Amino acid sequence: MGATMKDIARVTGLGLATISSYLNGGNVREKNRIKIEAAIDELDFEVNEVARGLKTNRTKTIGIIIPELNNIFCAEIITEVEDVLRNHGYATMICDCRTDAAREAEAVEFLFRRRVDGLILMPSGKSGKHLERFLHVGKPVVLIDRNLEDVPCDSVLVDNRGAAQAAVERLFLAGHRKIGMIAGPEHVFTARERYLGYEEAFKKAGIEVQDSLVVHGDYTIAGGARAMKELAKQNPQMTAVFVSNYEMTVGAMIESNEIGIRIPEDLSVIGFDNIEFAKASNPKLSIVTQPTKEIGRNVAELILDRLDNPTREMPPKEMKLKTSFVEGKSVHILSV
């Protein structure tokens with residue numbers, strides 16, 4: 001016969017109420033937690049997760065939906081989220097919606113039926129109507145990197161507009177005027193914010209944005225390559241380009257090599273994310289970097305706070321983090 005709570009009480013000398021609180025995710029003193037965990041190991045005690053879930057209405061599971069599993073930005077954030085949640089006794093269930101709003105809605109429904117305690121989501125579309133079922137029953141939803149106007153959710157963002165503006169202003173300071181942009185999908189919040197930052201830098205410089213200098217990609221390597229090919233074809237006088245996401249930066253660099261564009265002699269480039277790729281590039285790329293670990297940690301802490309305080313009235317919280325800039329050798333200084 002397997003070990004029971006009474007056996008843990010006998011080994012630890014603690015009351016059943018304290019042990020029950022620990023097993024059901026409640027707060028116990030650190031010294032008691034250590035005793036209980038040592039007894040669980042010694043007795044080979046197994047928690048009946050199904051029974052516990054029925055009793056507490058908690059499954060100790062968090063659903064996560066991301067646009068692309070192979071996106072390094074998503075992967076780095078989710079790794080940190082999982083680490084924090086695991087340290088608090090939560091497992092995760094991850095769904096890849098392939099940047100498809102219909103798939104995302106299906107994933108939300110699937111996770112709701114699996115009775116996850118909360119949802120972490122990097123939205124693929126503009127609307128959050130499919131999240132209302134979670135919110136209606138009081139289950140927390142935290143958004144990563146993107147905001148939704150029609151649902152009240154917590155969110156962790158970066159200052160995408162400011163990051164893009166600062167990157168383009170660097171190119172202006174280097175003497176460039178014909179500056180292209182490989183922007184993201186127009187329906188995606190971050191892509192719109194980064195384009196607005198590009199636009200603001202031009203406005204501040206007193207220069208009108210030319211439509212031909214902006215091409216929208218799809219946040220993929222292939223999309224970045226296509227956008228670079230189109231930009232180069234339409235704008236032979238272009239001297240610099242700002243690429244607004246990591247995968248498209250990779251694609252743009254590949255296409256530049258394919259069509260014989262020399263960086264930075266023929267074209268200056270500022271990319272987005274992934275220090276390792278930037279260092280491996282020749283020349284080393286100048287890039288905007290996002291604090292992925294900090295994003296992941298804040299996302300996890302936000303949802304844990306909501307789960308620990310289910311009855312506390314709190315308005316939706318928006319956290320906006322700063323990006324950094326890593327100087328490379330991909331920007332050529334022109335004589336002004």
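Author: The model is predicted, and what follows is computed from it. The lining of the second largest pocket has 11 nonpolar, five polar and seven charged residues. Together these are the 23 residues that line the pocket, whose volume is about 520 Å³. Nearest the centre of the pocket lie Gly138, Lys139, Pro140, Arg306 and Pro310.

As for the rest of the chain, the domain assignment divides the protein into domain 1 (3-46), domain 2 (58-157 + 290-321) and domain 3 (158-288). The centres of domain 1 and domain 3, taken over C-alpha atoms, are 56 Å apart.

Helix H13 covers residues 292-308 and includes asparagine 298. Asparagine 298 counts as buried because its relative accessible area is 12%, under the cut-off of 20%. Leaving out residues up to four places away in sequence, asparagine 298 touches Val156, Met319 and Leu321.

The largest nonpolar core has 44 residues, and Ile182, Tyr198 and Phe242 are the members that touch the most others. Helix H8 (residues 160-173) contributes the most to this core, with six residues. Beyond four places in sequence, the contacts of isoleucine 182 include Val215, Leu231, Phe242 and Met248. Another core, of 26 residues, lies apart from the largest one, and Ile62, Ile64, Ala300 and Leu302 are among its members.

Technical notes: Residues are numbered from 1 along each chain as its sequence is written. This is a predicted model: local features need pLDDT of at least 70, side-chain atom pairs count only at pLDDT 80 or more; totals for chains, interfaces and linings use all residues. Side-chain values use heavy atoms; hydrogens and water are left out. Domain bounds come from an automatic or database domain assignment. On a 1 Å grid over the protein atoms alone, a cavity is a set of points where a 1.4 Å probe fits but cannot get out, and a pocket is an open set with protein on both sides within 12 Å along at least five of seven lines; lining residues have an atom within 4 Å of a point. Grid points are joined across faces, edges and corners, and a volume is the space filled by probe spheres set on the points. Ala, Val, Leu, Ile, Met, Phe, Trp, Tyr, Cys and Pro count as nonpolar, Asp, Glu, Lys and Arg as charged, and the others, Gly among them, as polar. A nonpolar core is a set of buried Ala, Val, Leu, Ile, Met, Phe, Trp, Tyr and Cys residues joined through side-chain atoms within 4.5 Å. Buried means under 20% relative accessible area, exposed over 50%, partly exposed in between (1.4 Å probe, protein chains only). Helices (H or I, at least four residues) and strands (E, at least two) are DSSP runs, numbered from the N terminus. Contact means heavy atoms within 4.5 Å.
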